[in-house]
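Dear colleague,

Please find the structure below, handed over for your reference.

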Amino acid sequence: MRIFLNVLLPSIRQILIIILFLPCCSIINAQRLNTGITFDVYGFHPTKFPTDIIFSETNYKAYYIKQYQAPRGLTENISANLVVDYSRFFLSLKFGIAALPNGIVYKYSYPVGGGEFTDYYSEISYQMTDLSGSIGYYVNRQRLVKIYLEAGLGRSSAYFYSESMSTDPKFSSQWTDRHEITDYLQLDKSFTYILTGIGFRMDIMAISARYKIRIGDFNTYYSSLSFGLTVYTKFSKLRKHYIYQPEE
């Protein structure tokens with residue numbers, strides 16, 4: 001599996017570069033050019049840990065953890081967009097900041113004897129730069145509300161990351177910078193992801209859902225499903241060029 005990923009990742013990087021380069025190369029021949037801003041406001045984070053037992057990174061404890069968890073919460077993902085339309089197809093380039101203002105919470109338990117457990121919670125917060133490129137298709141181009149599908153690749157790089165631990169799910173008291181699951185999640189590291197999405201566009205505005213799946217040499221499966229709003233700040237129809245042939 002590791003050998004397969006080592007072969008696959010360079011190809012993924014090349015594809016990502018091509019996808020991000022296409023909008024810049026294709027603007028001259030495009031039918032429409034749009035710039036805009038996207039705000040993602042809420043998200044789910046489906047996560048699957050490699051085992052149901054994890055070992056503390058700060059002491060000798062071993063915790064029981066539910067392998068599949070999907071914490072949810074508010075997000076502050078803001079990105080600038082460049083969209084180039086070709087009839088039913090479009091190319092999209094996004095660059096922005098992805099953040100979790102209130103963090104996302106994972107739960108795990110420690111056995112204290114007699115079949116009893118003490119529950120612990122880790123709250124993960126981060127801020128990341130986010131760059132992605134995608135290809136989309138309008139399902140119904142002529143209607144007022146245009147449904148579209150998209151798929152592409154992206155790259156996220158964390159410049160801020162923190163983990164806090166508590167026995168209270170509301171974190172009324174906590175241990176700050178207590179890294180219990182950081183090495184399992186590895187969200188403090190840069191990663192590449194594939195994305196799929198669906199949206200509903202109404203000329204200068206669109207509502208969308210985008211699902212991102214982290215890929216690469218990571219033991220824990222991590223993904224995010226975010227919901228947001230895009231406002232297009234510029235809409236222009238580009239001229240078509242014709243070759244003039246004088247009459248004989």
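Overview of the model

Of the 248 residues of the protein, 45% count as buried, where buried means under 20% relative accessible area, exposed over 50% and partly exposed in between, with a 1.4 Å probe and protein chains only. This is a predicted model, in which local features need pLDDT of at least 70 and side-chain atom pairs count only at pLDDT 80 or more, while totals for chains, interfaces and linings use all residues. Residues are numbered from 1 along each chain as its sequence is written, and side-chain values use heavy atoms, with hydrogens and water left out.

The average pLDDT, the predictor's confidence in each residue from 0 to 100, is 85 for the protein, and 81% of the residues score at least 70. Over residues 1-9 the pLDDT is below 50, and this stretch has five contacts beyond near neighbours in sequence in the model; a contact means heavy atoms within 4.5 Å. Residues 22-28 also stay under 50 in pLDDT, and the model has 11 contacts for them beyond four places in sequence. Among the contacts in the protein with a separation of 6 or more, 67% come from residues 24 or more positions apart.

Strands and their pairing

The secondary structure comes to two helices and 13 strands. Helices (H or I, at least four residues) and strands (E, at least two) are DSSP runs, numbered from the N terminus. Two strands pair if DSSP finds at least two bridges between them. Strand 9 (residues 116-138) pairs with strand 10 (residues 146-166) in the antiparallel sense over 18 bridges; Thr 129 has Ser 157 in strand 10 as its bridge partner. Strand 10 is also joined to strand 11 (residues 191-202) by 11 bridges, and these two run antiparallel. Here Ala 151 stands opposite Thr 196 in strand 11.

Aromatic rings and charges

Rings of Phe, Tyr and Trp (its six-membered ring) pair if their centres lie within 6.5 Å; planes under 30 degrees apart count as stacked, over 60 as edge-to-face and the rest as tilted. By this rule the count comes to 13 aromatic pairs. One of them is edge-to-face: the ring centres of Tyr 64 and Phe 117 are 5.8 Å apart, with the planes at 80°. This pair links distant parts of the chain, as Tyr 64 is in strand 4 (residues 62-65) and Phe 117 in strand 9, 53 residues apart. Tyr 64 is partly exposed at 41% relative accessibility, and Phe 117 is partly exposed at 43%.

Phe 89 and Tyr 137 form a tilted pair, 5.1 Å centre to centre with 55° between the planes. Phe 89 lies in strand 7 (residues 89-99) and Tyr 137 in strand 9, so this pair ties together parts that are 48 residues apart in sequence. Ring pairs also link Tyr 63, Tyr 108, Tyr 110 and Tyr 120 into a cluster.

A charge sits over a ring if NZ of Lys or CZ of Arg is within 6 Å of the ring centre and within 35 degrees of the ring normal. The charged end of Lys 61 sits over the ring of Tyr 110, 4.8 Å from its centre, and Arg 214 lies over the face of Phe 191, at 5.8 Å from the ring centre.

Yours sincerely
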